[in-house]
Amino acid sequence: PEAITVQELAKRMGERGADLVKALFKMGTPVTITETIDQDTAELLITEFGHRINRVSESDVDIQAETDVDAEDTLKVRPPVVTIMGHVDHGKTSLLDAIRGASVVSGEAGGITQHMGAYQVSLPDKSKVTFLDTPGHEAFTEMRARGANVTDIVVLVVAADDGLKPQTIEAINHTKAAGVPMIVAINKIDKPDAKPQKVREELLQHEIIVEDMGGDVQDVEVSALKKTNLDKLLEAITLQAEILELKANPDRAAEGAVVEAKLDKGRGPLATVLIQRGTLRVGDVIVVGAASGKVRAMIDDHGRQVKEAGPSFPVEVLGLGAVPSAGDQLTVVENEARAREVAAYRQGVLDKKRTTSAPVSLENMFADRA
Ligand code: GDP
Ligand code: MG
């Protein structure tokens, strides 16, 4: 129902009108800067530009892309969020396990007890890195498609004895499309038939130029099996994170994205949420996708209860009334009545989306709404 001119939207987003017109053209919506676009198109654009939509309810449709930016002086350094991608059997799980295992303090009660879709490791310098254990490239794309750009850095795992394979190339393409910097982990260097140099050369064909070849993509030879050079990989991640100057405001109402969610027989709906800004606290009233509730408890990746969770921290959240989906956005609202209102509104949007034809391309989404 609501329409907005391209010009006004650009102003609120803090982007150039011409860039919006260009993007709209690419999306198959040729308009001029003074023309209006509908709310759905506006939302797509906002997502496309990496801004966050903060539409709270039907009666409150204002796009807060501009006002919702945290002031520079409220920002604090936050840990990088890393996703590991690569071809099947090239060692993604082994690498994640090795990194996590190496960081688990010996003697820690239970060791790794909790399986969660995300975990955080502490480095010797006390800095932290958050790893997303997404079960595949689909999850990465799906989350991105829903506007949850949670990954700061992609670690591309390539087995040195196998080289680039279809899913490696797929991962390269996803990473490029997301505009996320990449680090290449050349894995299985313990194998006698490992050919790390061949991997570097193959990467060249996909315009990935590693430092050794004069480019600026960091590459590290590792063995997840022998736990070789894991520290070097973590250093590369830290360096990349410094370049990115990742920051967030921890002192505001929390926002986050669902990494995975499930229904637990005893504890009800559980959502693993990655906090993106602000701090989530026990007792906060939240809306997650079309589910709402009150944070009853939060559990970290070591199975410990925590009272609060800040930026880049992954926590399992208890207290939702329904199971959300991966990629759903968590928002803190003032009270439960408001939460139900927002959830109901989002449910309506979801229902509308579900009734549109199955293969959703940008083009037919617009056609549906014309
Ligand atoms: P994923 O499919 O990418 O998650 O790969 P996995 O982690 O499941 O590993 C696939 C296979 O490769 C398993 O049999 C691992 O033990 C093996 N593997 C993983 N990393 C290494 C490594 O560094 N060296 C060797 N020799 N084998 C490895
Ligand atoms: Mg695996």
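**Exercise 1.** How do the residues of the shell around ligand 1 divide into nonpolar, polar and charged?

*Solution.* The model is predicted. Start with the shell itself: 15 residues surround ligand 1. Among the closest are Asp89, Lys92 and Asp190. Sorting the shell by class gives 3 nonpolar, 7 polar and 5 charged residues. Next, locate the shell in the fold: helix H4 (residues 92-103) supplies its largest share, 3 residues.

**Exercise 2.** Identify the polar backbone and side-chain atoms that lie within 3.5 Å of an oxygen or nitrogen atom of ligand 1 at Gly91, Lys92 and Asp190, and state how much of the ligand the protein buries.

*Solution.* Take the backbone first. A polar backbone atom of Gly91 is 3.0 Å from an oxygen atom of ligand 1. For Lys92, the distance from a polar backbone atom to an oxygen atom of the ligand is 2.8 Å. Then take the side chain: a polar atom of Asp190 lies 2.7 Å from a nitrogen atom of ligand 1. Finally, the area: ligand 1 alone exposes 580 Å², of which the protein buries 73%.

**Exercise 3.** Describe the span of helix H6 (residues 166-178) and the placement of its buried residues.

*Solution.* H6 has 13 residues and reaches 18 Å from first to last C-alpha, close to the 18 Å expected at 1.5 Å a residue. Its residues Thr168, Ala171, Ile172, His174 and Thr175 are buried, each under 20% relative accessible area. Down the helix axis, the buried residues of H6 fall within an arc of 165°, so they line one face. Exposed Pro166 and Ala177 sit on the face turned away from that buried side. After H6 comes Gly179, with a positive phi near 65°.

Notes
Residues numbered from 1 in each chain as written. Chains lettered and ligands numbered in written order. Predicted model: local features only at pLDDT ≥ 70, side-chain atom pairs only at ≥ 80, totals over all residues. Heavy atoms only, no water. Near = heavy atom within 4 Å. Polar contact = N/O pair within 3.5 Å; in protein donor to acceptor, adjacent residues only side chain to side chain. Areas by Shrake-Rupley, 256 points an atom, 1.4 Å probe, with all protein chains shown as cover. Helix = DSSP H or I, 4+ residues; strand = E, 2+ residues; numbered from the N terminus. Nonpolar A, V, L, I, M, F, W, Y, C, P; charged D, E, K, R; others polar. Expected span 1.5 Å × (residues − 1). Buried < 20%, exposed > 50% of the residue type's maximum accessible area, 1.4 Å probe, protein only. Arc of directions from axis to C-beta.
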